[in-house]
Amino acid sequence: MAAKLVVVVRTDLGMGRGKLAAQVAHAAVVAALSAQGRPDFGTWLAEGQPKVVLGVTDGEQLGAVAAAADAAGLRVHVIHDAGRTQLAPGTPTCCAIGPAQNARIDAVTGDLSLL
């Protein structure tokens, strides 16, 4: 059973590379910490913590992907910016899905493009 963590990032915000990297890191850390002790977490760790970063066009699409993942029973964490640098406070920037079995995540994110 292969497992991965997917981070879905909005491409419409014009975030700089460093800002984008920080948002993805926030998502990955929150997802990993909240998954500790769950079966998929152990598998994910043992497999080298695979991560995939995908893009969506806007906040509406991010919300739709997060809702679909939640409806599929996947762990979802939407990251909202603190507003200290490039974005307004509370702006949803990305979401983490998983870690979980690849097939379960792919059922929700399989149509999205790599960032």
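Five strands make up an open sheet of mixed pairing, in the order β3-β4-β1-β2-β5. The model is a predicted one, in which local features need pLDDT of at least 70, side-chain atom pairs count only at pLDDT 80 or more, and totals for chains, interfaces and linings use all residues. Residues are numbered from 1 along each chain as its sequence is written, and side-chain values use heavy atoms, with hydrogens and water left out.

**Terms for strands and pairing**

- Strands (E, at least two residues) and helices (H or I, at least four residues) are DSSP runs numbered from the N terminus.
- Two strands count as paired if DSSP finds at least two bridges between them.
- Strands of a sheet pair through backbone hydrogen bonds, either parallel or antiparallel.

**Strand β1 and its partners**

- Strand β1 runs antiparallel to β4, and six bridges join the two.
- Six bridges also join β1 to β2, and this pair runs parallel.
- Val7 stands opposite Ala96 in β4 and opposite Val53 in β2.
- Eight of the eight residues of β1 are buried, where buried means under 20% relative accessible area, exposed over 50% and partly exposed in between, with a 1.4 Å probe and protein chains only.
- Both faces of β1 are covered: one side carries the buried residues Ala3, Leu5, Val7 and Val9, and the other carries Lys4, Val6, Val8 and Arg10, which are also buried.

**Strands β3 and β4**

- Strand β3 is joined to β4 (residues 92-101) by five bridges, and the two run antiparallel.
- The bridge partner of His80 is Pro92 in β4.
- Strand β4 also contains Pro99, and the peptide bond from Gly98 to Pro99 is cis, with omega near 5 degrees.

**Helix α1 across the sheet**

- Helix α1 (residues 17-35) lies across β1 (3-10), β2 (51-56), β3 and β4.
- Contact means heavy atoms within 4.5 Å.
- Helix α1 runs at about 40 degrees to β4; axes are lines fitted to C-alpha atoms, for helices over the stretch in contact, and angles run from 0 to 180 degrees between N-to-C directions.

- Gln49 lies in the loop between α2 (39-46) and β2.
- Phi of Gln49 is near 55 degrees, a positive value in a residue other than glycine.
- Gln49 is partly exposed, with a relative accessible area of 30%.
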